[in-house]
Amino acid sequence: MSGYVKVWNKADEGRGEAMAKLEMTLERLAEIAGAYGASPKLWPVDERHAAEALVAGSSDARALVAEAGDLDRLLAMAPAVEAPSTELLSRIMAARPRAVTGLIVSREERRAGLWRSIARIVWPYGPAAFPAGALAASIMLGISFGAALPSSVTAEGLTSLGLTSAAVSASASAGTTGEQLVSFALAENEYPEDWKK
Amino acid sequence: MNDASDDELVARVALGDEAACRQLVDRHLMRMLALARRMLGSHADAEEVAQEVFLRVWTHASRWEPGRAQFSTWLHRVATNLCLDRLRRHTTDDIDSIPEPQSEDPTPQEELERQDLARRVDQALQALPARQRAAVTLTHYQGLSNIEAAEILNVSIEAVESLLGRARRQLRVALATERDEWLRKSVEQG
């Protein structure tokens with residue numbers, strides 16, 4: 001890259017881009033055309049104008065560029081590149097990134113998601129509203145029973161309503177509504193073989 | 001969206017925008033294919049490289065930083081490196097394996113000669129050392145500047161000029177006969 005002298009023009013310094021006027025020589029032009037070919041648009045941008053000026057004013061310079069042009073034209077005879085196959089296009093498009101939804105989830109949504117996943121484990125047959133409703137109804141029924149029991153019902157009282165005598169006590173000796181309910185409830189737990197005794 | 005910059009398209013690609021993907025492919029695939037074809041001398045190999053280039057675009061789209069580099073220069077760099085890697089692995093490739101042009105129809109003599117010349121030019125290119133071939137491909141065939149070629153090949157501008165100078169000297173010797181024939185025909189045709 002020898003054979004030329006860079007002359008900086010002070011007026012160009014303020015443009016923010018290095019602009020240079022070059023004093024081009026035949027030797028340097030031979031290097032440029034020998035490397036980049038005959039087309040000035042491929043020549044180094046900071047030497048282009050000087051090189052073109054030399055070509056315009058010198059037959060020797062034009063001969064150098066013409067010789068480079070012969071090789072350029074031969075290189076242009078290289079086989080044309082085939083168009084991409086449809087298979088290639090399909091493969092590339094099939095591998096493209098896909099839109100991802102629901103990646104950004106709020107804390108509430110995450111918590112709801114946790115409950116939902118637990119519910120799904122317990123009740124994998126669809127919406128969890130049905131088992132949840134049944135559970136709530138059971139709890140309410142339990143509380144109702146508890147509230148209906150009289151405060152006088154103690155552990156002893158419950159023992160006296162033993163399984164074997166539950167049915168009898170349910171029909172004969174129950175004095176209060178609460179006792180009747182308890183008797184009926186316990187009678188349900190009596191096994192058939194116990195009835196034979 | 002046709003006027004969207006490469007940076008804008010890449011940002012949309014990262015979000016999974018199919019239209020942006022397609023537009024990026026339409027805009028750059030042919031040039032990547034051409035680069036790889038000139039470097040490797042085989043259309044099938046060039047398609048593999050072009051596919052790999054776009055797979056990398058898809059993978060890196062979310063990490064692309066607009067303005068840091070020119071997207072097309074980055075693409076050329078990826079494609080060139082993939083080609084150089086392949087050439088390094090397959091150094092024993094026989095340049096005579098470049099297939100003869102196939103044609104089922106009777107071809108006029110002039111067309112046959114043109115196809116033969118194309119094959120010989122291709123052979124001369126494939127005979128160049130890999131980095132010289134890359135320099136010629138990037139500047140002469142892809143039309144990139146010496147600054148862009150230097151960035152892609154990760155060398156100085158002076159090194160690019162040196163690669164190009166040596167490549168063209170070798171090509172001039174390899175294609176001396178073809179050049180003489182071509183000049184003679186040009187004179188005959190007036």
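B:S156 is exposed because its count of other C-beta atoms within 10 Å is 11. The model in which this count is made is a predicted one. B:S156 sits in the loop of chain B that runs between α7 (146-153) and α8 (157-174). Ten residues separate B:S156 from B:N146 in sequence, and their C-alpha atoms are 9.3 Å apart in space.

A residue of chain A can be judged in the same terms. A:E67 belongs to helix α3 of chain A. A:E67 counts as partly exposed, since it has 15 C-beta neighbours inside 10 Å, and a count between the two limits is classed that way. In sequence A:E67 is 30 residues from A:G37, while the C-alpha to C-alpha distance of this pair is 8.9 Å.

The two chains can now be taken in turn. Chain A has ten helices and two strands. Chain A has 197 residues, of which 17% count as buried. Of the contacts in chain A between residues at least 6 apart in sequence, 49% link residues that are at least 24 apart.

Chain B contains nine helices and zero strands, and from the N terminus its elements run α-α-α-α-α-α-α-α-α. Its length is 190 residues, and 35% of them are buried. Among the contacts in chain B with a separation of 6 or more, 63% are between residues 24 or more positions apart.

The crossing of α1(B) past α2(B) is left-handed. On the α1(B) side the contact is formed by B:L9, B:R12 and B:V13, and on the α2(B) side by B:A20, B:C21, B:Q23 and B:L24. By class, these residues are five nonpolar, one polar and one charged.

A second pair of helices in chain B is α3 (residues 43-60) and α4 (residues 71-89), which pack at an angle of about 135° with axes 10 Å apart. This pair, α3(B) and α4(B), is therefore oblique as well. The crossing of α3(B) and α4(B) is right-handed. From α3(B) the contact takes B:D45, B:V49, B:E52, B:V53 and B:R56, and from α4(B) it takes B:L75, B:V78, B:A79, B:L82, B:C83 and B:R86. Seven of the residues in this contact are nonpolar, none is polar and four are charged.

In soluble globular proteins, nonpolar side chains tend to be buried together. The largest nonpolar core of the model has 68 residues, and those with the most contacts inside it are B:M32, B:A36, B:V49, B:A50, B:V53, B:A79 and B:A135. Helix α2 (residues 18-40) of chain B gives the most to this core, with eleven residues. Leaving aside residues up to four places away in sequence, B:A36 touches B:D45, B:A46, B:V49, B:A50, B:A79 and B:C83.

B:A135, also listed among the core residues with the most contacts, is one of the buried residues of α6(B). Helix α6 (residues 130-141) of chain B is largely enclosed by the rest of the structure, because nine of its twelve residues are buried. The buried residues of α6(B) are B:Q132, B:R133, B:A134, B:A135, B:V136, B:T137, B:L138, B:T139 and B:H140. Just after α6(B), B:G143 has a positive phi of about 70°.

It remains to bring the chains together. In the contact between them, 31 residues of chain A meet 42 residues of chain B. On the side of chain A that touches chain B, α1 (26-36), α3 (59-75) and α4 (86-94) of chain A each supply at least two residues. The most comes from α4(A), with five residues. This side of chain A is made up of 22 nonpolar, three polar and six charged residues.

Methods:
Residues numbered from 1 in each chain as written. Chains lettered and ligands numbered in written order. Predicted model: local features only at pLDDT ≥ 70, side-chain atom pairs only at ≥ 80, totals over all residues. Contact = placed C-beta atoms within 7 Å. Helix = DSSP H or I, 4+ residues; strand = E, 2+ residues; numbered from the N terminus. Nonpolar A, V, L, I, M, F, W, Y, C, P; charged D, E, K, R; others polar. Buried ≥ 20, exposed ≤ 12 C-beta atoms within 10 Å, placed from the backbone. Core = buried A, V, L, I, M, F, W, Y, C linked by C-beta atoms within 7 Å. Axes fitted to C-alpha atoms, helices over the stretch in contact; angles between N-to-C directions. Parallel < 35°, antiparallel > 145°, perpendicular 65-115°, else oblique. Left-handed = near helix turned anticlockwise from the far one by under 90°.
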